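Dear colleague,

Please find the structure below, together with an account of what was found in it. I would be grateful if you would read the account with the model open beside you.

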Amino acid sequence: MSVIPVAILTGFLGSGKTTILGYLLRQPEFSRTAVIINEFGEIGLDHELVEASEDSVIELTTGCLCCKVRTDLTQTLQGLLQRLDEDTSTPFDRIVIETSGLADPAPILHTLMTDSELAGRLVLGDVVTTIDAVTGAGTLEREEVSQKQVAIADRIVLTKLDLPGVAEPELRRRLAALNVGAPVLRAFRGRIDAPILFGTDFRDKQATSLEVHSWLAEEAQGHSHARHDADIKTYAVVRGEPIRAVTLTLFLETLAEHCGADLLRLKGIVNLVESPDRPAVIHGVQHVFHAPAWLERWPSNDRRSRIVFIARRIPQRWIEVLLDAIGAEVADVDARRASTTLVDCERR
Amino acid sequence: MPIDLAHELLTQSLAAWRVVGSIRSEGDGVIVICGSHKDIQIARAPDDLIFRWIVTVDGRKRGAISLVAVLRQVREALDPGYAASRVRVAVSPLVPSP
C-alpha cells in the first residue's frame with residue numbers, strides 16, 4: 001500500500017489560496033488529488049473528492065488548537081482513506097489541505113506527523129504559503145499568524161502581482177527575513193507551475209536530497225547574516241565533528257521540552273557517528289519531530305552537520321551551547337563506560 | 001565535561017527562558033544560581049551515585065542523571081509558569097536500517 005503525501009496550502013485571508021487551488025485542480029497532474037478545505041463553502045470546487053473539514057475559524061481559535069484540529073482532521077482523513085480502500089471514491093494519490101486564512105498551520109502539521117492512525121498511510125508533503133503582493137507586507141506587520149504561515153513554508157507564492165501597488169522587492173526582503181530558505185514563486189491570477197509548487201515527497205530520497213540543497217543555501221545566508229524579523233529569527237548551527245545519535249535525541253527532546261511553540265521549524269542534515277555515510281535528515285515543527293529520513297549518500301562533499309532553525313525569541317547561542325554540552329556529557333559517559341569495561345576485563 | 005560549559009549552558013538557559021537571575025561558579029566546581037527568590041546549587045555528584053549532578057534548591061537536594069535533567073529542575077525552580085512537557089520525542093530509529 002503506497003504512502004500518500006499530504007500538502008498544506010496556507011496563507012492569510014484573501015491571499016489567493018482558493019484561486020490557486022481552483023487552478024491546480026484543473027491541471028492534469030492534479031487529477032488524482034483529494035482536497036480538504038478548512039472552511040465550509042469557501043469555494044464550490046468542481047471536484048468529486050472534495051472533503052470539507054468541519055473545523056471552523058471559531059473552533060480553531062478556542063481551547064487547545066492541537067486537540068481541536070486533530071480530532072476533526074484525523075476523522076476527515078480517515079474517512080478519505082476508508083473510501084479509497086473501499087473503492088467508493090475516485091482514486092487519489094495526493095491530498096491537499098487548504099487551511100483557514102486565520103489558522104496557525106502548525107497543529108495540522110502535528111496531526112500528520114504524530115497521529116498513529118494515519119502513520120504509515122500519509123506523510124507530510126510540502127507546506128505552501130500564499131502572500132498577497134499588495135497587502136502582504138502590512139499583513140505580516142500586523143498579524144503574527146501570517147508571520148508563522150510564512151516562517152514554516154517550504155514554498156512561498158506571491159499573488160495579485162497584476163494589481164497596482166505591488167512593492168515586490170520590499171516584500172521579498174521581508175519574506176527572506178522570515179524564511180530565507182523557501183523559494184518565492186509567482187502566481188498570476190492563480191496560474192502557477194503545479195509540479196514546482198508541490199514537488200517534494202518526503203519519502204523520496206532524491207527529492208529529500210534536493211530539499212537539503214535548498215536548506216544549505218538557507219544556511220549559507222542565515223548563518224552569515226543572522227537575518228531577523230521582529231522576534232522571529234532564522235539561523236543555522238553547524239558542527240564539523242559527527243554527532244552521536246543519543247546526543248541528537250537528547251538535544252531534540254530538550255528543544256521540544258523548553259522551546260515548544262517558539263520553535264517554529266527545524267530542518268537539518270546531520271552527520272551521525274553511527275551512520276557516517278548516510279546522513280540523517282531531521283525535520284520538526286514546534287514540539288513535534290519526524291523520525292529522521294536517511295539519505296542514500298551525502299548530497300555534496302560537505303559532511304558537516306547543519307541544522308537550520310526558524311525560531312521566535314530563542315537565542316542562537318543557547319542552541320549552540322546546548323548541543324555542545326549534551327555532546328560533551330554523552331562523550332563523558334561513553335568514556336567512563338569504556339574505562340569501567342576495561343577495568344572489569346582486567347579484573348577477570 | 002568542563003564545568004565552564006555547564007556554567008555557560010545555564011547562563012544561556014536563563015536568557016532563553018527570559019528568567020532573571022545571577023550565576024556564579026564557586027572554587028570547588030559548584031555553580032550557584034540566584035533568582036526568583038531561590039538559591040540553587042549545582043554540583044557534580046560523587047562517583048558512587050548513579051546521578052551525575054546534585055541540584056540543591058533552597059536546601060533540598062535532588063539527583064539529576066544528566067544536564068538535561070538539571071535544566072528541567074532549574075527551570076522548574078525559577079520559572080513558575082513552566083510546565084515541563086513529559087512527552088518523549090522518539091527519534092527512532094537512531095541509525096538507518098541496513
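Predicted model: local features only at pLDDT ≥ 70, side-chain atom pairs only at ≥ 80, totals over all residues.

**Salt bridges within chain A**

A:Glu141 and A:Arg174 form a salt bridge, with their closest N and O atoms 3.2 Å apart; a salt bridge here is a side-chain nitrogen of Lys or Arg within 4 Å of a carboxyl oxygen of Asp or Glu. Distant parts of the chain are linked by this pair, since A:Glu141 lies in helix α5 (residues 136-142) of chain A and A:Arg174 in helix α7 (residues 168-178) of chain A, 33 residues apart. Helices (H or I, at least four residues) and strands (E, at least two) are DSSP runs, numbered from the N terminus. A:Glu141 counts as exposed at 57% relative accessibility, whereas A:Arg174 is buried, with a relative accessible area of 17%. For these terms, buried means under 20% relative accessible area, exposed over 50%, and partly exposed in between (1.4 Å probe, protein chains only).

Residues are numbered from 1 along each chain as its sequence is written, chains are lettered from A and ligands numbered from 1 in the order in which they are written, and side-chain values use heavy atoms, with hydrogens and water left out.

A salt bridge also joins A:Arg121 to A:Asp85, the closest N and O atoms being 3.0 Å apart. This pair links distant parts of the chain: A:Arg121 is in the loop between α4 (106-114) and β5 (122-132) of chain A, and A:Asp85 is in helix α3 (residues 65-85) of chain A, 36 residues apart. A:Arg121 is buried at a relative accessible area of 15%, and A:Asp85 is partly exposed at 44%.

The side chains of A:Arg155 and A:Asp126 meet in a salt bridge as well (3.7 Å, N to O). A:Arg155 lies in strand β6 (residues 155-159) of chain A and A:Asp126 in strand β5 of chain A, so the pair ties together parts that are 29 residues apart in sequence. A:Arg155 is buried, at 8% relative accessibility, and A:Asp126 is buried, with a relative accessible area of 2%.

**An enclosed helix**

Helix α6 (residues 144-151) of chain A has seven of its eight residues buried, so it is largely enclosed by the rest of the structure. The buried residues of α6(A) are A:Val145, A:Ser146, A:Gln147, A:Lys148, A:Gln149, A:Val150 and A:Ala151. A:Glu144 belongs to a network of salt bridges that also links A:Asp262, A:Arg312 and B:Arg18.

**Where the chains meet**

How many residues does each chain give to the contact? Chain B gives 31 residues and chain A gives 33, contact meaning heavy atoms within 4.5 Å. About 2900 Å² is buried between the two chains, with carbon and sulfur atoms giving 59% of this area; buried area is the accessible area (1.4 Å probe) that two parts lose on being put together, summed over both.

Six salt bridges are counted between chain B and chain A. B:Glu8 forms a salt bridge with A:Arg317, their closest N and O atoms being 2.9 Å apart. On the side of chain B that touches chain A, the elements that give two or more residues are α1 (3-17) and α2 (67-78) of chain B. α1(B) gives the most, with eight residues.

Over all chains, a search of the whole structure finds 27 salt bridges.

A colleague
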